[in-house]
Amino acid sequence: MKKYSGDWYWYYAINSVLVILILFPIYWTFISSVKKPDELITSEPTFYPHTWTWQYYDRIWNYDTDSIRTNTWGETSEDEENNKNKEKESSKIHKTTGSVTQTIGIDDAFTNSAIVSVGTIIFSIIVSTFAGYGLTFFRIPFKEVLFILLITPILVPAISLIIPIYKLLKGLGLTDSYLGLIFLHTTAMLPIGIFMMRNAFSSIPNSLREVALLEGTSELRIIGNVMLPLAIPGLLTVMVFAMYTSWNDYVLAFLFINSPEKTMLNIALAKIALGGSQFEMKWGSLTAGSMISFIPIIIFYTLLQRYFVRGITGSAVKE
Amino acid sequence: MYSVDLINLTKKWGNVTAVNDVNLHIEEGEFVVLLGPSGCGKTTTMRLVAGLEEITAGEIKIGDQIVNEIDPRKRDVSMVFQNYSLFPHMSVRNNIAYPLKMKKIPSAEQEKKINDVSKLVELQDLLDRKPAELSGGQRQRVALARAIVRQPRVFLMDEPLSNLDAILRVTMRSELKNLHHRLGVTTIYVTHDQVEAMTLASRIAVMSDGKLLQYDTPQIIFDEPSTKFVAGFIGSPAMNLINGKVVNGKFISDTINTDFSINYEGDITLGIRPDKIDIVDQNSPNNGSVKVFSNESTGESNLITCKMEDQSLIIKADKNTNYEIDNEIFLNFKKEDCYFFDSKSEDRLKL
């Protein structure tokens with residue numbers, strides 16, 4: 001049995017407080033998404049819903065935004081099916097007009113975000129792996145300086161570089177495209193990705209590479225056959241970070257994607273929330289949409305969190 | 001079979017010269033040991049042969065081919081590392097098969113070669129295990145099997161036994177010797193352990209500070225060391241080296257003064273192996289007296305350590321002798337057992 005020190009309950013007390021602090025907003029989002037409107041917008045909010053409703057989920061997923069705007073929330077209309085069809089048509093018309101509040105259904109926005117996230121994960125893995133490998137095993141002049149230069153952008157907020165980035169993307173013809181956003185997310189992700197992969201490779205003895213080298217293995221095959229199987233925790237950590245960076249991004253997606261049909265999930269959610277009549281906040285739809293947007297991150301993180309934690313601590317303490 | 005030639009081989013790291021103008025000719029099928037203390041450049045020399053380091057100056061030839069500019073992938077040498085360097089995520093079988101897969105050898109032939117090699121190093125029953133499930137000795141055998149399975153032109157070993165415990169080291173040593181006899185592949189072996197060097201080598205290259213000091217058979221290196229360093233490095237316990245000077249043809253130091261005549265004048269170092277020193281009666285002719293500092297029995301002999309002014313002396317005495325600590329003993333040397341070294345250049349003087 002492990003012996004606990006006398007202060008163990010402090011550990012639990014402090015951590016319980018932290019857990020509550022972190023989980024409370026998520027809990028509040030959740031209960032707000034299942035409360036009926038009269039409970040949701042009230043001067044006496046409760047910490048639990050008296051009556052549950054899943055209507056926001058249903059609507060936000062199944063209807064496009066115009067239906068959200070025109071529908072009276074809180075009432076269950078009997079002729080939903082008819083409404084739905086009708087309003088989908090009307091939204092199509094609106095789209096061609098390109099009105100400011102116009103956006104797409106959350107299901108399409110979800111797909112858009114998924115495409116960009118997967119793209120970011122793939123690009124991040126490829127670039128981080130090659131950079132980390134080179135920085136670990138190759139003899140490059142001023143390697144340490146190079147490494148520090150590569151990871152310093154962690155300190156620079158993307159928002160401060162918006163104008164040059166915009167000019168750059170414009171020049172490349174990549175504004176308002178998935179690829180452009182994927183590049184931006186990958187770039188934002190790379191300092192930490194390279195750092196992670198370099199640490200993952202640093203824990204592998206150089207002699208493994210040399211053995212493979214003397215047996216005539218090409219550098220690419222060394223990475224594929226020998227190094228990556230041993231750097232999987234690092235690789236998965238990079239994947240989680242890439243997913244997190246891309247899925248959670250708001251500013252870049254907001255600034256660089258203009259076409260309504262390419263709207264990212266976070267932007268779509270914001271537009272839904274603000275899409276009602278003036279000064280009206282659609283709390284129910286926003287919270288339900290937020291809950292849906294949590295799902296991929298929660299699944300991804302739950303599957304990989306074992307490696308994620310190991311990847312981070314592994315990079316902090318080198319064996 | 002291939003010979004290996006190092007011609008004026010030099011390797012510099014910035015201002016540090018790791019390998020300094022080394023010339024070495026290794027015959028086909030020879031087992032050459034590079035011996036020296038850590039940092040003497042022996043491992044660097046081996047890595048230069050493998051192509052893992054770039055040559056600063058000089059030439060390396062494998063067979064008739066100059067390999068300076070040839071990629072390590074194409075040199076057709078294989079190497080065993082001190083830490084074995086097995087691929088942890090592959091089974092023993094796949095580890096051994098790795099070189100064959102890289103050479104795209106048909107799988108039927110692969111199977112046959114793996115079986116032959118694993119029989120040779122007695123790994124037949126362990127082929128499906130992962131390296132982590134093996135003992136140190138078994139891992140070392142896997143590393144050997146992987147290195148020999150494709151029959152390279154040259155076989156390089158970088159202190160392969162130093163991670164094993166003492167008993168296993170002796171066993172593996174004899175296995176290595178047997179293996180080399182069977183395969184006959186030209187082998188370069190790096191170690192700092194002079195016993196390994198003496199037992200395994202067909203020739204030993206003693207290195208110090210990046211320089212090759214002596215290159216000869218183990219027996220000649222033992223009997224005729226060319227420098228003071230070689231003399232002190234080879235043999236267990238090591239040769240006693242006594243600093244002194246020759247005045248009027250006689251050797252004089254703090255405690256030891258010989259009576260035989262030496263044709264030399266000036267500072268000199270006298271070397272004598274521990275088993276060549278006789279302990280004699282006070283009354284019989286002797287070359288000096290020392291106090292016993294400690295005595296250790298090894299079972300077959302007694303090792304007596306004596307402290308002189310600023311150096312110590314080890315005497316290998318008969319096992320039946322018993323010299324108490326702090327007792328005074330009287331020593332006698334014969335001239336034919338003594339080696340003389342120049343105090344400055346450390347070269348051997350034949351006097």
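Domain bounds here come from an automatic or database domain assignment. With that in mind, welcome to this predicted model, where chain B is divided into domain 1 (4-233) and domain 2 (240-349). Taken over C-alpha atoms, the centres of domain 1 and domain 2 of chain B are 38 Å apart.

- Where domain 1 and domain 2 of chain B touch, domain 1 contributes seven residues and domain 2 contributes eight residues.
- On the domain 1 side of this contact in chain B, three residues are nonpolar, three are polar and one is charged.

**A sheet in chain B**
- Six strands of chain B form an open sheet with mixed pairing, in the order S6-S7-S8-S3-S9-S10.
- At the edges sit strand S6 (77-80) and strand S10 (211-216) of chain B, each of which pairs on one side only.
- On average, neighbouring strands of this sheet are turned by 20° against each other, direction ignored.
- Within the sheet, strand S7 (residues 154-158) and strand S8 (residues 186-191) of chain B are paired in the parallel sense, with five bridges.
- B:Met157 has B:Tyr189 in S8(B) as its bridge partner.

**Where chain B meets chain A**
- Chain B has 17 residues in contact with 13 residues of chain A.
- On the chain B side, S6 and helix H2 (92-102) are the elements that give two or more residues.

How values were computed: Residues are numbered from 1 along each chain as its sequence is written. Chains are lettered from A and ligands numbered from 1 in the order in which they are written. This is a predicted model: local features need pLDDT of at least 70, side-chain atom pairs count only at pLDDT 80 or more; totals for chains, interfaces and linings use all residues. Two strands pair if DSSP finds at least two bridges between them. Helices (H or I, at least four residues) and strands (E, at least two) are DSSP runs, numbered from the N terminus. Axes are lines fitted to C-alpha atoms, for helices over the stretch in contact, and angles run from 0 to 180 degrees between N-to-C directions. Two residues are in contact if their C-beta atoms, placed from the backbone, lie within 7 Å. Ala, Val, Leu, Ile, Met, Phe, Trp, Tyr, Cys and Pro count as nonpolar, Asp, Glu, Lys and Arg as charged, and the others, Gly among them, as polar.
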